[in-house]
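Some notes on the model follow, as numbered points. Please read them with the structure open.

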Amino acid sequence: MSLPEIKLVFDDPVQRKKVPKHLADYSPEERRDVAKALGFPAFRATQVSTHYFAHLSDDPQTWSDIPAQMRQSIADQLTPKLIELVRSVSCDAGTTRKDLWKLHDGVLVESVLMRYTDRVTVCISSQAGCGMNCPFCATGQAGLTRNLSAGEITEQIVAAARACANGELPGGPIRLSNIVFMGMGEPLANYNAVMRSVRNITDPNPDGLGISARSVTVSTVGLVNGIEKLTEEGIAVTLAVSLHTPDDELRDTLVPINSRWNIKEVLAAADGYEKRTGRRYSIEYALIRDINDQSWRSDLLGRLLKNRNAHVNLIPLNPTPGSKWTASRREDEAEFVRILESYGVPVTVRDTRGREIDGACGQLAAAEKTRID
Ligand code: SAH
């Protein structure tokens, strides 16, 4: 049998030609070189970074440390608008908001903001579409359109931070606290752009947003080469692995990339990540009625995880249009939780925020009901 070839995309020549470049595509050092290459003194890059990441300002006319006649031109060249808001839809009394963004080539992606009493989480997209083809996932059905650039990913995050700071969510101004790569796409299949975005989140002002790595969750189908590479980065984000079942036979169907890297290999890679970073990882498990929610599977999962530093996030399946699958019965969900807990495995059930706006988990948003961290 020939195994599917999965290459991490470190460089994306097609992409680079198409998407306008943004300072968020570059490292802080490179930004200074870019400014110089554009004919500005290097320190202008730091000034623009300060306006972008520290002040979250998208109005160059207020950038008073830059000569008035230079403001628009430097903004156009270093911080071109890469995402344009098409529409926002809210629910949960305005505390959940889904934003639909149009990219420069007309491609659409979504992000979801969720406000809780003590924190705000944004769920962002790393690709337009997805190539992983998981049959229960809405994004997977349409295939991969293209990778997003680091700038396009970062723009979603900065837009969310700005919305929080501007008090656009009920409850008044608040700081964006958490970022989850659980929107469209497989983040580890767009490796470099995702890592640049992670650094834009975690680098202190003015190079980045200054949000701690532990507040960032990277969710993956289990690309082992990507998890291993992430382990070497020396940056302790929260790793989430979409397992969905403890047996390879069913996982080959639910998460087709399992035929390339099986459960044992994926968990070994996650263990390696945990060992290096000291970070407990998450196991994502969408509960699908009569497909993966039997008590014997919970038992098997409990045995698989009992000696690992992992916690399980159960996600009631959000049925996609036309799918024959649906969420588990309440009693089966409760029994699944009970069995896992009997093994001492920490488990939470995600809430179903944003379901009415098609922003619930699996379409886009993912939010834990209880945060363990
Ligand atoms: N590609 C990454 C991130 C994408 S989605 C990954 O697979 O991890 C984030 C989570 O939502 C994943 O665990 C995914 O399997 C899950 N998900 C996808 N579709 C879903 C659905 N219809 N209902 C519930 N969860 C779903």
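1. Helix 6 (150–165) gives four residues to the lining of the second largest pocket, the largest share. Helices (H or I, at least four residues) and strands (E, at least two) are DSSP runs, numbered from the N terminus. The model is predicted: local features need pLDDT of at least 70, side-chain atom pairs count only at pLDDT 80 or more, and totals for chains, interfaces and linings use all residues. Residues are numbered from 1 along each chain as its sequence is written, and side-chain values use heavy atoms, with hydrogens and water left out.

2. The second largest pocket holds about 380 Å³ of space. A pocket here is an open set of points on a 1 Å grid over the protein atoms alone where a 1.4 Å probe fits, with protein on both sides within 12 Å along at least five of seven lines; lining residues have an atom within 4 Å of a point. The volume is the space filled by probe spheres set on the points, which are joined across faces, edges and corners. Of its 23 lining residues, D58, K81, I83, E155 and R162 are the closest to the centre.

3. Which residues of helix 4 (residues 68–78) are buried? They are R71, I74, A75 and L78, where buried means under 20% relative accessible area (1.4 Å probe, protein chains only). Seen down the axis of helix 4, they fall within an arc of 105 degrees, so they line one face; the arc is that of the directions from the helix axis to the C-beta atoms. They pack against helix 2 (28–37) and helix 3 (43–54), with contact meaning heavy atoms within 4.5 Å.

Conventions. Buried means under 20% relative accessible area, exposed over 50%, partly exposed in between (1.4 Å probe, protein chains only).
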